[in-house]
Amino acid sequence: MKVKILFIGILLLTGVTTSVWAQIGEQRYNFSVGVNGGININSVSFSPSVQQGSLMTPTGGITLRYVSEKYFGMICGAQLELNYSQQGWSEFYQDYPDLAYTRKMNYINIPFLAHLAFGKENRGLQFFINAGPQIGFFLSDSHTIGGNWENYTGIVVEQHEASIDNKFDYGITGGAGVELRTGIGHFQVEGRYYYALSDFYGTTKKDYFSRAAHGVISVKVAYLFDLLK
């Protein structure tokens, strides 16, 4: 319940902050659309813990951005994205290199971001920060497994056969990047981190895990062009 209240509070704060800035800054009416794509570096926070390596997967989608005002030197707006994101985890055991397990989970993610930028408004460089809540909808999953797991004891394997109990994912995300603004559009490079507040496995007292949540580092590039300026 507490994490749900925190998530709702972040969502409301994002909207209220954007609204307040729009009332006190120099007005702008810039609306841009574009596409984004990149890679995820995934892990899952399990309790009890599960040993993991890095799992790299694709992500990409559509970006909508509205800049509403400039407050002193800070350009303020809001950004909405609709992204396909492949997440999950890959297990790695240094003492048992023959064991392998990877689970990939496909989501549609929608981040609601406050967008703050500093730099050139027309042609030139901007440095920006994006932050806000994110929701996701589970689509499907797949897994690969290798090695003879029956020969080893003391390794957590309950996650291998468990099904996805919670198909609605939510959490907070934020990142920073640089944008090159040109006459033919805007080119971005951004690093971002997503921290899930929800669990995709059941985490009640009768369940094995008390925590099973995504953590995702994303490195993305994007291209946007102005529809309204």
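Me: Is I217 buried, partly exposed or exposed, and what is its relative accessible area?

Reply: Buried means under 20% relative accessible area, exposed over 50%, and partly exposed in between (1.4 Å probe, protein chains only). I217 has a relative accessible area of 41%, so I217 is partly exposed. The model is predicted: local features need pLDDT of at least 70, side-chain atom pairs count only at pLDDT 80 or more, and totals for chains, interfaces and linings use all residues. Residues are numbered from 1 along each chain as its sequence is written, and side-chain values use heavy atoms, with hydrogens and water left out.

Me: In which strand is I217 placed?

Reply: Helices (H or I, at least four residues) and strands (E, at least two) are DSSP runs, numbered from the N terminus. I217 lies in strand 9; the chain has two helices and nine strands, in the order α-β-β-β-β-β-β-α-β-β-β from the N terminus.

Me: Where is E81, and is E81 buried or exposed?

Reply: E81 belongs to strand 4 (residues 74–91). Its relative accessibility is 4%, so E81 counts as buried. Of the 229 residues of the chain, 46% are likewise counted as buried.

Me: Which residue's side chain makes a polar contact with that of E81?

Reply: A polar contact is a pair of N or O atoms within 3.5 Å; within protein, one must be able to donate a hydrogen and the other to accept it, and residues adjacent in sequence count only if both atoms are side-chain atoms. The side chain of E81 is joined to that of K220 by a polar contact of 3.5 Å.
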